[in-house]
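Dear colleague,

My notes on what was found in it follow directly after it.

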Amino acid sequence: MHSWPAPSVPAVAGTPVPLTLFDTADQQAKEVDTTATTSGGEIGMYVCGITPYDSTHLGHAATYLTFDLVHRQLNANGHSVHYVQNITDVDDPLFERAERDGVDWRELGQSQTDLFRTDMEILSVIPPRDYIGAMESVDEVIAMVQTLLDNGSAYELVDDSGDHPVTDIYAPITATEQFGYESNLDRATMEEYFAERGGDPERTGKRDPLDALLWRGHREGEPSWEARFGAGRPGWHIECSAIATNRLGTQFAIQGGGSDLAFPHHEFSAAHAEAAYDVPRMAGHYVHAGMIALDGVKMSKSLGNLVFVHKLREEGHDASAIRLAVFGGHYRDDRDFSYAVLDQAEQRLANWREALANEVSEDEAVGTVDKLRAALADDLNTPEALRIVDAAHGDHNGIVAAALDGLLGVRV
């Protein structure tokens with residue numbers, strides 16, 4: 001699947017500062033290990049993509065803007081990043097929405113993926129090198145499921161409730177000794193989230209209610225692919241595990257997504273890789289972005305309070321101001337969006353443009369950039385970064401402007 005066009009990203013002056021990010025697994029901020037690179041000598045970053053059953057709202061966009069910042073900091077420090085993202089274009093929410101709306105699920109998925117690409121291009125998000133749909137990766141999933149079956153890290157479970165028995169394949173939570181390390185949740189919270197976030201704890205016959213579906217045997221009316229262990233389709237977590245490890249290696253630097261993915265999705269996608277390849281830890285960092293609410297209420301289609309990026313642009317709002325509105329809060333915090341927040345961001349952008357039209361010395365301009373680099377290297381401290389630019393007196397030959405574009409994706 002093709003990605004979206006890459007924005008022009010200028011070089012950044014000043015002195016590189018190693019990037020520190022909060023790691024959910026270790027529950028602390030730590031430096032990204034830039035020595036643990038892919039086979040191509042690059043820093044591997046995998047960010048979970050959309051399930052394309054609805055337009056990209058600002059909550060989605062905020063997550064991808066977070067990892068765009070990560071990408072930009074690493075690039076500005078002289079590192080090449082191999083960025084991979086998936087699209088879950090085969091999944092129950094997509095089928096359910098398509099059936100509700102009376103449309104073909106493939107057409108719905110394609111239309112929403114196209115909108116997502118447009119929104120990312122509008123926001124000047126650096127695209128993934130590999131943008132992979134679930135349907136594209138089915139052969140990779142089949143191979144990984146077979147590996148897990150062969151080494152005893154998966155089991156078959158027959159569903160004979162219908163006219164014909166169907167065999168599903170599950171991954172037991174005992175497949176790795178370290179299960180639970182990524183999310184650091186207690187059992188009760190795991191059970192709560194598993195039930196809320198796509199799990200099937202009530203499935204009869206599972207060894208443990210938390211065991212995750214690797215392969216769903218073919219049911220009538222559902223898409224399926226042939227496999228040695230029976231026709232069916234991939235589970236959610238195994239999709240990301242296969243896509244990531246086949247492109248970045250069995251261990252890579254960063255796995256990222258929204259905070260709602262820490263469990264069960266990231267826990268299991270890591271566990272599948274660790275069980276398949278006998279590695280202690282799939283990613284060096286597990287990084288999670290907070291949720292965005294509208295006027296204090298979580299964005300939800302059922303509530304009708306979604307804010308769409310392309311709609312904001314149609315209303316005439318500057319893409320750089322949208323980025324600034326998101327960056328006004330720290331990426332790990334659950335935070336609020338409103339048109340008042342966007343108005344403040346647009347005023348801030350106007351102030352920057354006016355202030356940076358003033359000429360200052362080269363040393364002063366580079367000093368501003370060095371402070372900006374240091375703030376962003378400190379776990380993407382965007383509130384502090386914005387305050388630094390607020391205090392800038394001017395620019396010198398576009399040094400600060402280039403840094404704002406290169407590091408923040410904001411054009412003045």
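I begin with Asp 318. In this predicted model, Asp 318 counts as partly exposed, at 25% relative accessibility. The cut-offs explain the term: a residue is buried under 20% and exposed over 50%, so a value in between is called partly exposed. Asp 318 sits in the loop between α8 (309-314) and α9. Its side chain reaches the backbone nitrogen of Ser 320 at a distance of 2.8 Å. Setting aside neighbours within four places in sequence, Asp 318 is in contact with Arg 313, Glu 346, Leu 349 and Arg 353. Leu 74 is 244 residues away from Asp 318 along the chain, and their C-alpha atoms are separated by 26 Å.

**The annotated binding site**

Which residues does the UniProt record mark as "binding site"? The unreviewed entry places this feature at Cys 48, Cys 240 and His 265. These residues span 218 residues in sequence, yet no two of their C-alpha atoms are more than 9.4 Å apart, so they gather at one spot.

Cys 48 belongs to the loop between β3 (43-47) and α1, whereas Cys 240 is part of helix α6 (residues 236-248). Is Cys 48 buried or exposed? Cys 48 is buried, with a relative accessible area of 4%. Cys 240 is buried as well, with a relative accessible area of 1%.

For Cys 240, the contacts are Tyr 46, Cys 48, Asn 86, His 265 and Ser 269.

**Cavities**

How many cavities of 30 Å³ or more does a search of the whole structure find? There are two.

The largest cavity has a volume of about 50 Å³. Helix α7 (residues 262-277) gives the most to its lining, with four residues. By class, the lining of the largest cavity has nine nonpolar, three polar and no charged residues. Among the lining residues are Leu 148, Ile 173, Thr 176, Phe 179, Phe 268 and Ala 271.

A polar atom of the Thr 176 side chain lies 3.5 Å from the backbone nitrogen of Phe 179. Apart from neighbours within four places in sequence, Thr 176 is in contact with Ala 271, Glu 274 and Ala 275.

The second largest cavity has a volume of about 40 Å³. Its lining is formed by Val 17, Gln 73, Ala 76, Asn 77, Arg 373, Ala 377 and Leu 407. The elements that give two or more residues to this lining are α1 and α11. Sorted by class, the lining of the second largest cavity holds four nonpolar residues, two polar residues and one charged residue.

**Helix α12**

Which residues of helix α12 (residues 382-390) are buried? They are Thr 382, Pro 383, Ala 385, Leu 386, Ile 388 and Val 389.

**The start of the chain**

Met 1 lies in the segment before β1 (20-23). This residue is partly exposed, with a relative accessible area of 32%. Beyond neighbours within four places in sequence, Met 1 is in contact with Ile 87, Asp 89, Thr 113, Arg 117, Tyr 131, Gly 133 and Glu 136. Met 1 and Ala 212 are 211 residues apart in sequence, and the distance between their C-alpha atoms is 27 Å.

Yours sincerely

Notes. Residues are numbered from 1 along each chain as its sequence is written. This is a predicted model: local features need pLDDT of at least 70, side-chain atom pairs count only at pLDDT 80 or more; totals for chains, interfaces and linings use all residues. Side-chain values use heavy atoms; hydrogens and water are left out. Buried means under 20% relative accessible area, exposed over 50%, partly exposed in between (1.4 Å probe, protein chains only). UniProt positions are given in the numbering used here, feature names are shortened, and annotations may be inferred rather than shown by experiment. Contact means heavy atoms within 4.5 Å. On a 1 Å grid over the protein atoms alone, a cavity is a set of points where a 1.4 Å probe fits but cannot get out, and a pocket is an open set with protein on both sides within 12 Å along at least five of seven lines; lining residues have an atom within 4 Å of a point. Grid points are joined across faces, edges and corners, and a volume is the space filled by probe spheres set on the points. Ala, Val, Leu, Ile, Met, Phe, Trp, Tyr, Cys and Pro count as nonpolar, Asp, Glu, Lys and Arg as charged, and the others, Gly among them, as polar. A polar contact is a pair of N or O atoms within 3.5 Å; within protein, one must be able to donate a hydrogen and the other to accept it, and residues adjacent in sequence count only if both atoms are side-chain atoms.
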